[in-house]
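Subject: Handover of a structure

Dear colleague,

Please find below the structure that I would like to hand over to you. I would be grateful if you kept it open while reading the notes.

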Amino acid sequence: MTDVTFIDHTGEARTVSGTNGMTLMEVAIKHQVPGIDAECGGACSCATCHVYVEPDWMAAVGAPASMEEDMLDFAFDVRPNSRLSCQIKISDALNGLRVHTPSRQS
Amino acid sequence: MTEHNDAVITTDALIIGAGPVGLFAVFELGLLDIKAHLIDILPKIGGQCAELYPEKPIYDIPGFPVVTGQQLVDNLMQQIEPFHPEFHLGEMVVSVTRAESGQGVVFHVETDAGTRFEAKTVLVAAGGGSFQPKKPPIPDIDAYENTSVFYAVRQMESLRDHHVLIVGGGDSALDWALNLQSVASRVTLMHRRDEFRAAPHSVAKMRELVAEGKMDLLFGQVTGLEGANGQLTAAHCKGMDQVAFTVPCDRMLPFFGLTMKLGPIAEWGLNLHENLIPVDTEKFETSTPGIFAIGDINTYPGKLKLILSGFHEAALAAQKAHRYIYPDKRLLFQYTTSSTSLQKKLGVNG
């Protein structure tokens, strides 16, 4: 199991765990983490699972692919550390990952 | 968008939502000689399958090891073709009211385009609700909506001689930037990066106009609005380098795609539970007799939001709908494999 922490816009942190291979979005939905809507269910077509990756984790998480970069155009307040959580697969390398959720997804 | 029409369209069944479940309802109703009209807020047929994941493979449609969202929609369209369904696209149902008429109960349904229907039965197959434009979480944006901030352009003339700030990088943003360039006093297009998802020829045309000095292209995101009494005077922005800047404008058009909202369904007088419509599992009928809810929009003990569940629900709802439309006719259960009368309806017999 891999532990990941979601910090909402008020600063409240929730640490939950998932199985390697799940997407970060799936882990959030499984544990009913607020702040992740995931309207399209992981098809990279809605931009409602937007997260900000903490700077220390950006290298491990990597950069978005071009399809995801396109979809980020539909998100709000996109920053250099913005990612769509449905496109991040968790693994041992991401154990302890910390991401922030925006104030609103849509 | 259809023109306002004073004529009322009468139909046996009115299906609200043209996603896979609404489409299959046409088939099940058609086998029972029930004619259907469909309404959808999207300008195209297929609901989420067409809007959210046309290219994505679906693996749990019985009989199809794999099918994409768009293929499923295309197949359903082929399957219901014998029943000649009529579509009303790009319209949102704003009201559904039940009325007693000489022939019994009817439902009066009206869309935001002013199209009016009189239906003997209504099937709500609205999925996650209606696709509506995403509203950027900019402080106080509500105060400017419909006076200075618009999520759709109904009439280009209303933007004549205004300084229009268009935000976004897709086809809607580019198309409106190009269309309004000759109407507005100035068009400023703002996008968060120097790459656009829009059609390449639109992007090329936009860059040409920018090079000629006929419109402005800025990179950044809107962080705040300036103005008073709903009248916008400027947008506060920041670039990807986080440097703040201000864009003078008196109209803003944000194009950030669509999101699903329940929409006016809440105002149709149906019982709702957490934005879903509770139904029984025999007829999939709502708290209002004659109105059914099928697919993702309904809820009942054990509900699974699967397309296949919606197909089953459509079949059972059609059986009960038959009793409303043909109260004197006995319904004989038949198979399409063996019934010559069903095969005739499908146009495959003789």
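This is a predicted model: local features need pLDDT of at least 70, side-chain atom pairs count only at pLDDT 80 or more; totals for chains, interfaces and linings use all residues.

Residues are numbered from 1 along each chain as its sequence is written, and chains are lettered from A and ligands numbered from 1 in the order in which they are written.

Overall layout of chain B

The C-alpha trace of chain B spans about 70 × 45 × 40 Å along its principal axes. Chain B contains seven helices and 20 strands; these are DSSP runs numbered from the N terminus, helices being H or I with at least four residues and strands being E with at least two. Chain B is divided into domain 1 (8–131 + 259–345) and domain 2 (135–256), with bounds that come from an automatic or database domain assignment. The centres of the two domains, taken over C-alpha atoms, are separated by 38 Å.

Of the 350 residues of chain B, 40% count as buried. A residue is buried if 20 or more other C-beta atoms lie within 10 Å of its own, exposed if 12 or fewer, and partly exposed in between, with C-beta atoms placed from the backbone.

The nonpolar cores

A nonpolar core is a set of buried Ala, Val, Leu, Ile, Met, Phe, Trp, Tyr and Cys residues joined through C-beta atoms within 7 Å. Which residues have the most contacts inside the largest core? They are A25(B), V124(B) and A177(B), in a core of 117 residues. Helix α1 (residues 20–31) of chain B gives the most to this core, with eight residues. Domain 1 and domain 2 of chain B both give residues to this core, so it lies between them. Apart from it lies another core, of five residues, including I41(B) and L258(B).

Two residues are in contact if their C-beta atoms, placed from the backbone, lie within 7 Å. Leaving aside residues up to four places away in sequence, V124(B) touches I16(B), G17(B), I277(B), I291(B), F292(B), A293(B) and I297(B).

A parallel sheet

An open sheet of four strands in chain B has the order β12-β11-β10-β16, with parallel pairing. Two strands pair if DSSP finds at least two bridges between them. β12 (216–219) and β16 (251–254) of chain B stand at the edges with a single partner strand each, so one side of each is left without a neighbour in the sheet. Within the sheet, β10(B) and β11 (residues 186–191) of chain B pair over five bridges, and the bridge partner of H163(B) in β11(B) is R186(B). Helix α4 (residues 171–180) of chain B lies across β10, β11 and β16 of chain B, running at about 165° to β10(B). Axes here are lines fitted to C-alpha atoms, for helices over the stretch in contact, and angles run from 0 to 180 degrees between N-to-C directions.

Two asparagines in loops

N146(B) has a positive phi of about 70° although it is not a glycine. N146(B) lies in the loop between β9 (130–133) and β10 (163–167) of chain B, and is exposed, with 9 other C-beta atoms within 10 Å. N229(B) also has a positive phi, of about 50°, and is not a glycine. N229(B) lies in the loop between β13 (221–228) and β14 (231–238) of chain B.

Yours sincerely
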